[in-house]
Amino acid sequence: MLQIAVCDDERAAADLIAGLARDWARVDTFASADALLFSLDDGVPDVALLDIEMPGASGMELARLLRELGERTQAVFVTGIIDHVFDGYGVDAVSYLLKPARADRLFLALDRARERLGRAEPVLVV
């Protein structure tokens, strides 16, 4: 079963997204990037559903940090701000969804994330 982390400082938005994602996987919610980072000692989520603008570190900064740490967590941005859509490519995001997230689009993004998790890492044979 997939482990999903929802990181959003807006409680109502986090609850809505988590409620939809619970049909798919085990879900934990976090009100900040720092809270999610502190939880990594207990295990790394397979998928992170991230808001972008939050107090402290942004969702984009969190996704970059996860990549720097070498984590394979699949990032899906769920935000009300369209301005950062192209920045998601820099962190190899699965998808960029605008709030309020529609269930069908969220489920498509989770399908893609699950496919990526099952994909073997590229190997260079010399």
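In this predicted model, the buried residues of helix α3 are covered by several elements, including β1, α2 (33-39), β3 and β4. Helix α3 spans residues 59-68, and its buried residues are Gly59, Met60, Leu62, Ala63 and Leu66. Viewed down the axis of α3, these buried residues fall within an arc of 160 degrees, so they line one face of the helix. Just after α3, Gly70 takes a positive phi of about 85 degrees.

The next topic is how nonpolar residues gather in the interior. In soluble globular proteins, nonpolar side chains tend to be buried together. Here, the largest nonpolar core has 22 residues. Within this core, the residues with the most contacts are Ile4, Val6, Val47, Leu49, Val76, Val78 and Leu110. At least two residues of the core are supplied by each of β1, α1, β3 (47-50), β4 and α4 (103-118). Helix α1 gives the largest share, with 5 residues. Apart from this core lies another, of 19 residues, and among its members are Ala5, Met60, Ala63 and Val91. Met60 and Ala63 are also among the buried residues of α3. Not counting residues up to four places away in sequence, Val6 touches Ala14, Ile17, Ala18, Val27, Asp28, Thr29, Phe30 and Leu49.

Aromatic rings come next. The structure holds 1 aromatic pair. The ring centres of Phe77 and Tyr96 are 6.1 Å apart and their planes stand at 50 degrees, so the pair is tilted. For readers new to the term, planes under 30 degrees apart would count as stacked and those over 60 as edge-to-face. The pair links distant parts of the chain, with Phe77 in strand β4 (residues 74-79) and Tyr96 in strand β5 (residues 95-98), 19 residues apart. Both Phe77 and Tyr96 are buried.

Leaving aside neighbours within four places in sequence, Gln3 is in contact with Arg26, Val27, Asp28, Pro45, Asp46 and Val47. A contrast in accessibility is given by Asp23, in the loop between α1 (11-21) and β2 (26-30). With a relative accessibility of 63%, Asp23 counts as exposed. The C-alpha atoms of Asp23 and Phe107 are separated by 9.5 Å, although these residues are 84 residues apart along the chain.

Charged residues complete the picture. Side chains of opposite charge can pair when their charged atoms come close. A search of the whole structure finds 8 salt bridges. In one of them, Lys99 pairs with Asp8, and the closest N and O atoms are 2.7 Å apart. This pair links distant parts of the chain: Lys99 sits in the loop between β5 and α4, Asp8 in the loop between β1 and α1, and the two are 91 residues apart. Lys99 is partly exposed, with 24% relative accessibility, whereas Asp8 is buried at 3%. Both belong to a network of salt bridges that links Asp8, Glu10, Asp51 and Lys99.

Another salt bridge joins the side chains of Arg116 and Asp92, at 3.5 Å from N to O. It too connects distant parts of the chain, with Arg116 in helix α4 and Asp92 in the loop between β4 and β5, 24 residues apart. Arg116 is buried, with a relative accessible area of 19%, while Asp92, at 43%, counts as partly exposed. The side chains of Arg102 and Asp104 also meet in a salt bridge, at 2.6 Å from N to O. In this pair, Arg102 is partly exposed at 44% relative accessibility, and Asp104 is partly exposed at 38%.

How values were computed: Residues are numbered from 1 along each chain as its sequence is written. This is a predicted model: local features need pLDDT of at least 70, side-chain atom pairs count only at pLDDT 80 or more; totals for chains, interfaces and linings use all residues. Side-chain values use heavy atoms; hydrogens and water are left out. Contact means heavy atoms within 4.5 Å. Helices (H or I, at least four residues) and strands (E, at least two) are DSSP runs, numbered from the N terminus. Buried means under 20% relative accessible area, exposed over 50%, partly exposed in between (1.4 Å probe, protein chains only). Rings of Phe, Tyr and Trp (its six-membered ring) pair if their centres lie within 6.5 Å; planes under 30 degrees apart count as stacked, over 60 as edge-to-face and the rest as tilted. A nonpolar core is a set of buried Ala, Val, Leu, Ile, Met, Phe, Trp, Tyr and Cys residues joined through side-chain atoms within 4.5 Å. A salt bridge is a side-chain nitrogen of Lys or Arg within 4 Å of a carboxyl oxygen of Asp or Glu. The arc is that of the directions from the helix axis to the C-beta atoms.
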